[in-house]
Amino acid sequence: MEYLKAFVTGGLICVVAQILIDRTKITPGKILVLFVTLGVVFSALGLYGPLADFGGAGATVPLPGFGHALAQGVKKGVEKYGILGIFTGGVTPTAGGITAAIVFGYLAAVFFSPKSKK
């Protein structure tokens, strides 16, 4: 049942993104930023935590989950380090994801020939 919840939760997030790509003129980069920002906002409002508890990896792996992790890291950073935690708190819980994005992005650029979307 856990896998089904994760699949449905992550799938719904991806469906929203695909609808935005197909039906609007919003660029994929702006959708990326929108989803991360919504993850932060929903986390601040206390809405993303229950979604992450329900959907597991289906809610924590997509982009809003990254925003949620940033927000929670900043919250803990502020509690531990004060005002400096605003700048350092988000990096610790997201370091693995950031590193993976950089490494795999670099490898994709090396091994494949990227083309712009027309």
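Which element gives the largest share of the lining of the largest pocket? That share, 7 residues, comes from α5; helices here are DSSP runs of H or I with at least four residues, numbered from the N terminus.

Some ground rules. This is a predicted model, where local features need pLDDT of at least 70 and side-chain atom pairs count only at pLDDT 80 or more, while totals for chains, interfaces and linings use all residues. Residues are numbered from 1 along each chain as its sequence is written, and side-chain values use heavy atoms, with hydrogens and water left out.

Back to the pocket. By pocket I mean an open set of points on a 1 Å grid over the protein atoms alone, where a 1.4 Å probe fits, with protein on both sides within 12 Å along at least five of seven lines; lining residues have an atom within 4 Å of a point. Among the lining residues are Lys76, Lys80, Tyr81 and Pro93. Two elements give two or more residues to this lining: α5 (63-81) and α7 (91-111).

Now α5 itself. At 1.5 Å a residue, with the count taken as one less than the number of residues, its 19 residues should span 27 Å, and the end C-alpha atoms are 26 Å apart, which agrees. Just after α5, glycine 82 takes a positive phi of about 75 degrees.

Last, isoleucine 31. Leaving aside residues up to four places away in sequence, Ile31 touches Ala17, Leu20, Ile21 and Ile26.

Key: Contact = heavy atoms within 4.5 Å.
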